[in-house]
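I opened this notebook to record what I looked up about open space in one protein model. The entries follow in the order in which I made them.

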Amino acid sequence: KLKRRSQEREIRRVISEELSLYICSYFEENLITEAIQKHYPQYYDREIEQIKVHTNRLFQKNTHTYFRTPYTKRAERLHKPIFHFLRESKMLAIDGYVRFRLEFYRRALTKCVHDAVDQFLLDQEYQDFISLLKYFVSVQDSKIDLVHIMHRGIKKFELLDANGETLQLNDGGTLQEIVEHSFSHEDLIVSTLLTIAPEKIILHTKFPEENIIRTLTQIFESRLTKCTGCNTCGSASAETLDL
């Protein structure tokens, strides 16, 4: 009798683990789609897909208490309630169980969707802003042929002219002097470059993952070249500036 109980417990454990993985694999995406359609009916297929992408990014970043573990670990959160359910019942209708028994799971997915929509809207605003700045660049007359951006870390910028001399701004100061007293160095560097409208920009940085670098690349596009060949960049090829 004890052996039979042990066997039944092991069978329930295996079944509940497999069902947990199955639910995460085949039900999760539909539940996310349903949550988007229910709470944000104004969005169509394209927007829904973009929101789902943001939702998956939140999963990968582990930013939610419920989803702070990898995919296989997320399934473990479902394992325990399924295990206990199978102790009381020999029958389990998966679709009905997910919809009526796993309320905590669906609430967590819905919370993640709300945060993903916030990210989606911020991304839209960012792209609209970038498009506006790109248009401004396209109609602006260039006031200087070449500018080197020396980016040495957070709030550490310097603008140099074609001769490697520090670029003096209209107020007589240098960019670095202004940045040191500024709370928004990203806005400052962008507005400065928009004002002087260089025909060509060479960016020197050891921190290409920073948001400011992505922003500059998107705004200036073909005007901007990332240097990989001077002492500052620590490489040995490409267009360089001897410093």
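Which helices each supply at least two residues of the lining of the largest pocket? I found helix H3 (45-61), helix H6 (103-139), helix H8 (185-196) and helix H9 (211-220). Helices here are DSSP runs (H or I, at least four residues), numbered from the N terminus.

I noted the basis of the entries. The model is predicted, so to speak of local features requires pLDDT of at least 70 and side-chain atom pairs count only at pLDDT 80 or more, while totals for chains, interfaces and linings use all residues. Residues are numbered from 1 along each chain as its sequence is written, and side-chain values use heavy atoms, with hydrogens and water left out.

I then looked up the largest pocket, which holds about 540 Å³ of space. A pocket is an open set of points on a 1 Å grid over the protein atoms alone, where a 1.4 Å probe fits, with protein on both sides within 12 Å along at least five of seven lines; lining residues have an atom within 4 Å of a point. Of its 18 lining residues, Leu122, Asp123, Tyr126, Asn211 and Arg214 are the closest to the centre. H6 provides the largest share of this lining, six residues.

Definitions and conventions. Points joined across faces, edges and corners; volume = space filled by probe spheres on them.
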